[in-house]
Amino acid sequence: MASVLIREAKEGDCGNILRLIRELAEYEKLSDQVKISEEALRADGFGENPFYHCLVAEILPVPGEPQGQGIGSKIIKKVAEVALDKGCSQFRLAVLDWNKGAMDLYKALGAQDLTEAEGWHCFRFEGEAMRELAGK
């Protein structure tokens with residue numbers, strides 16, 4: 001089984017975090033939406049008033065080992081632990097509608113699908129729409 005260490009991200013991890021963001025976007029067929037730079041990650045996550053809290057999972061896989069080793073569950077459990085330690089009452093995960101494996105995992109861990117349960121939909125403002133709203 002793979003060995004997993006989940007730890008607080010360090011400023012020096014920003015290059016690898018950006019690589020992972022790009023790999024995830026490619027997997028999700030959303031590469032064109034990655035606009036962030038390593039410098040922005042550094043400023044947003046490790047500047048004077050960090051915007052986000054980042055964890056890193058260091059995984060030492062066994063060669064040829066298939067998925068399904070519980071790594072995703074370990075990461076989500078660590079996020080819950082950190083969120084509770086920081087006084088959060090909830091955390092949310094976003095998943096594309098075709099990623100049934102992720103949805104099944106989240107539900108199996110006790111997450112509530114807000115689209116099914118409450119009819120919530122997520123919206124995003126970016127680029128020109130943001131500039132238009134801001135009058136810029």
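Angles between axes under 35 degrees count as roughly parallel, over 145 as roughly antiparallel, 65 to 115 as roughly perpendicular, and the rest as oblique. The model is predicted, so that local features need pLDDT of at least 70 and side-chain atom pairs count only at pLDDT 80 or more, while totals for chains, interfaces and linings use all residues. Residues are numbered from 1 along each chain as its sequence is written, and side-chain values use heavy atoms, with hydrogens and water left out.

Q: Why are helices α1 and α2 called roughly perpendicular to each other?
A: The axes of α1 (residues 14-27) and α2 (residues 38-46) cross at roughly 110 degrees and come within 9 Å; the axes are lines fitted to C-alpha atoms, for helices over the stretch in contact, and angles run from 0 to 180 degrees between N-to-C directions. The range for roughly perpendicular is 65 to 115 degrees, and α1 and α2 are therefore described in that way.

Q: Which residues make the contact between α1 and α2?
A: From α1 come C14, G15, I17, L18 and I21, and from α2 come E38, L41, R42 and F46, where contact means heavy atoms within 4.5 Å. By class, this contact has six nonpolar, one polar and two charged residues; Ala, Val, Leu, Ile, Met, Phe, Trp, Tyr, Cys and Pro count as nonpolar, Asp, Glu, Lys and Arg as charged, and the others, Gly among them, as polar.

Q: What makes up the largest nonpolar core?
A: Seven residues form this core, namely A9, C14, I17, L18, L41, C54 and V56, and its largest share, three residues, comes from α1. A nonpolar core is a set of buried Ala, Val, Leu, Ile, Met, Phe, Trp, Tyr and Cys residues joined through side-chain atoms within 4.5 Å. Leaving aside its neighbours within four places in sequence, L41 is in contact with C14, I17, L18, I21, I36, F46 and Y52.

Q: Why is G70 called partly exposed?
A: Its relative accessible area is 32%, whereas buried means under 20%, exposed over 50% and partly exposed in between (1.4 Å probe, protein chains only); G70 is therefore partly exposed. G70 lies in the loop between β2 (55-60) and α3 (71-85).

Q: How many helices and strands are there in the chain?
A: The chain has six helices and two strands, where helices (H or I, at least four residues) and strands (E, at least two) are DSSP runs numbered from the N terminus. Along the sequence they follow the pattern β-α-α-β-α-α-α-α.
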